[in-house]
Number of protein chains: 2
Amino acid sequence: MGVTVAIDCMGGDHGPAVTVPAARAFLRNHPEARIILVGRQDALEQAIGAIGNGFGERLSLRAASEVVAMDDPPAIAMRTKKDSSMRVAIDLVKCGEAQAAVSAGNTGALMAISRFVLKTLPGIDRPAIATILPTRKGQTYVLDLGANVDCLPEHLLQFGIMGAMLVSAVEHLDRPTVGLLNIGEEAIKGNEVVKRAGELLKTSGLNFYGNVEGDDIYKGTTDVVVCDGFVGNVALKTSEGLAQMLATFLREEFSRNLLSKAMALIAMPALKRFKHRVDHRRYNGAALLGLRGVVVKSHGSADAFAFEQAIHRAAEAASNRLIERITERMTAMGVAA
Amino acid sequence: MGVTVAIDCMGGDHGPAVTVPAARAFLRNHPEARIILVGRQDALEQAIGAIGNGFGERLSLRAASEVVAMDDPPAIAMRTKKDSSMRVAIDLVKCGEAQAAVSAGNTGALMAISRFVLKTLPGIDRPAIATILPTRKGQTYVLDLGANVDCLPEHLLQFGIMGAMLVSAVEHLDRPTVGLLNIGEEAIKGNEVVKRAGELLKTSGLNFYGNVEGDDIYKGTTDVVVCDGFVGNVALKTSEGLAQMLATFLREEFSRNLLSKAMALIAMPALKRFKHRVDHRRYNGAALLGLRGVVVKSHGSADAFAFEQAIHRAAEAASNRLIERITERMTAMGVAA
């Protein structure tokens, strides 16, 4: 893939200490890809110095004097920090020097700046955030995850289109299945917005499965699950809370006394394989969809392995023409200009 | 507790085979309580015959010739099955022979019949369903769980009042904390309904904590979590799906080969203690709130142990004056007639 990815190296909890090694690992695993590291000159030079630069012109630096803080209000980050690493990385996508941008920084600021710089695609009212969750069968893409709290049926339809195109680009599925998150399988269930969205999705030409329920997310019933940002955020955060509680309980029971600790030691290989299967780092990289450019958000706490997954997803989306796919589908439906 | 509980013995996946032994266990553990078993004469006599009856007049039978099926539409169950075990159990609460009813049957029918027979309390627009979830600290009560999909702020306020009174009655907490499920802690977050509900809860006289997020449910941040029925249903079903997936993965990793099976055997005591801590049977018994009588819904798949927990919760709610507590609070707020 001859794609160029711009990386906001200053974002996230760890900054260049994570983003630079992740970029190096990505370049090693993708011999045709290029990366532009964006950040404070001194910080980048130091990080590059520590890991060496053996990639020639495949790896370049772009200085940016400012950094968007995790608690910067989006509007402030957008208006006052015009030379932030986040903004410069997205500017590189806008001007065509890069085909995708990745950041582990402030989500609200990333969405606001991306929307301001790149603009939305024809026919898309609101960008959405699509995250990946592990399932019994593999993985599923859920959107929206918090960007849009009061949705119209048309927005949910647009989320369905964008999610399906993302999965077709990144997972190479021809006609991914799309489910509408609801409180029952029957079409008459749910609130008025969801009922109407179901009708729109049914006639959309997408591979629409119908309603799915909360447990279908982890059953992997469909490749894409569509919901408004309020419901999606609650589903995601509730999952995080439950997973953390279960992990805590499991750890406590295996460290209760010397005997349990011995049990844990013996059971370690099985426990490790279990941990690997649900390792959230493998699912890192939420796409900001509906923009005229590929932008991927990494978890703020990502380590180098997790951040590399986010870069990989951004590169896949860009080299498999995600933006064009969404535009084509919107045009085919007659909803785009 | 000198309370009488009417039990719909025919409801649930197992009918009298589960409900009758659960009733016996409950009577053994609560020497002052009474139970009226409601169901088909032959089925009840057979079940009683199998377990014996050593409780004298503390255990009585009430014949009901019909059974509400799991797939009966609520309106049909209500209008055409006037001698169903579910209906007769609720009639017993209405006429004062029992102070609470418990059923593992069709949720929609149970809500429709309860509402029709018992009516709602003054000031309560819509009954709600409150379920119990395990948390790191103990447990939390979440409502609504699916009865109300399009809520006004006033409904969420009423849920908060009913949930707090339920916890004070059943868990003997003086001023339980109430959280409003939202997508951020700040009061400005969320959709318009939730923002306004936050304002109402703040001035309600309840011990209002403020906004909570999905992960706060399992952190046990508050004793009560309030949300509309759509969001509550998605949060609950998503949790069920995730828990099932994790249990499947854990089982698979511990049964992958002979070595893993040996590991599982050795680790069994710790795994068992873990399983006990998250055993959903302990949290069985969702309250139908806002009615002029105590009605508790058991999971359809409950076993005798789980069903006994539901009976216990119903008895606690009735003997600790749940209905009066809700009425008093509504009156104090000036919202009741």
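**First stop: a leucine in a helix**

Start by selecting A:Leu250, which sits in helix H9 of chain A, a helix made of residues 229–253. Keep in mind as you look around that this is a predicted model. Is A:Leu250 buried or exposed? Its relative accessibility is 11%, and because buried means under 20%, A:Leu250 counts as buried.

Now show what surrounds this leucine. Beyond its neighbours within four places in sequence, A:Leu250 is in contact with A:Leu271 and A:Phe274, and also with B:Leu271 and B:Phe274. Colour by chain here, and you can pick out the contact partners from A and from B.

Move on to A:Glu213. You will find it in the loop of chain A that runs between strand S8 (207–212) and helix H8 (214–219). Which side chain does A:Glu213 join through a polar contact of 2.3 Å? Select B:Lys237: the side chains of A:Glu213 and B:Lys237 make that contact.

Show the other contacts of A:Glu213 too, leaving aside its neighbours within four places in sequence. From chain A they include A:Leu181, A:Asn182 and A:Ile183, and from chain B there are B:Asn233 and B:Lys237.

Hide the side chains and look at chain A as a cartoon. How many helices and strands does chain A have? You can trace twelve helices and eleven strands. The radius of gyration of chain A is 21 Å, close to the 20 Å that the globule rule gives for 337 residues, so chain A is as compact as a globular protein of that length. Along its principal axes, the C-alpha trace spans about 65 × 60 × 35 Å.

Switch to a surface view if you like. Chain A exposes about 13,500 Å², and carbon and sulfur atoms supply 53% of that. Of its 337 residues, 58% count as buried. Then colour the charges: chain A has 38 positive and 36 negative ones, and their mean positions lie 3 Å apart.

A:Asp144 belongs to the loop between strand S6 (139–143) and helix H6 (153–170) of chain A. Jump to chain B, where the bond from B:Leu143 to B:Asp144 is cis as well, with omega near 10 degrees.

Select B:Asn284, in the loop between helix H10 (258–277) and strand S10 (286–289). At 2% relative accessibility, B:Asn284 counts as buried. Its side chain makes a polar contact of 3.0 Å with the side chain of B:Ser298. Among the other residues in contact with B:Asn284 are B:His299, B:Phe307 and B:Arg313.

B:Lys119 is not a glycine, yet its phi is positive, about 70 degrees. B:Lys119 lies between helix H5 (107–118) and strand S5 (128–134) and is partly exposed, at 42%. B:Arg321 also has a positive phi without being a glycine, about 60 degrees. Look for B:Arg321 in the loop between helix H11 (304–319) and helix H12 (322–332); at 37% relative accessibility, B:Arg321 counts as partly exposed.

Note on methods: Residues numbered from 1 in each chain as written. Chains lettered and ligands numbered in written order. Predicted model: local features only at pLDDT ≥ 70, side-chain atom pairs only at ≥ 80, totals over all residues. Heavy atoms only, no water. Helix = DSSP H or I, 4+ residues; strand = E, 2+ residues; numbered from the N terminus. Polar contact = N/O pair within 3.5 Å; in protein donor to acceptor, adjacent residues only side chain to side chain. Contact = heavy atoms within 4.5 Å. Rg over C-alpha atoms; globule rule 2.2 N^0.38 Å. Buried < 20%, exposed > 50% of the residue type's maximum accessible area, 1.4 Å probe, protein only. Areas by Shrake-Rupley, 256 points an atom, 1.4 Å probe, with all protein chains shown as cover. Lys, Arg positive; Asp, Glu negative; His and termini not counted. Charge placed at Lys NZ, Arg CZ, Asp CG, Glu CD.
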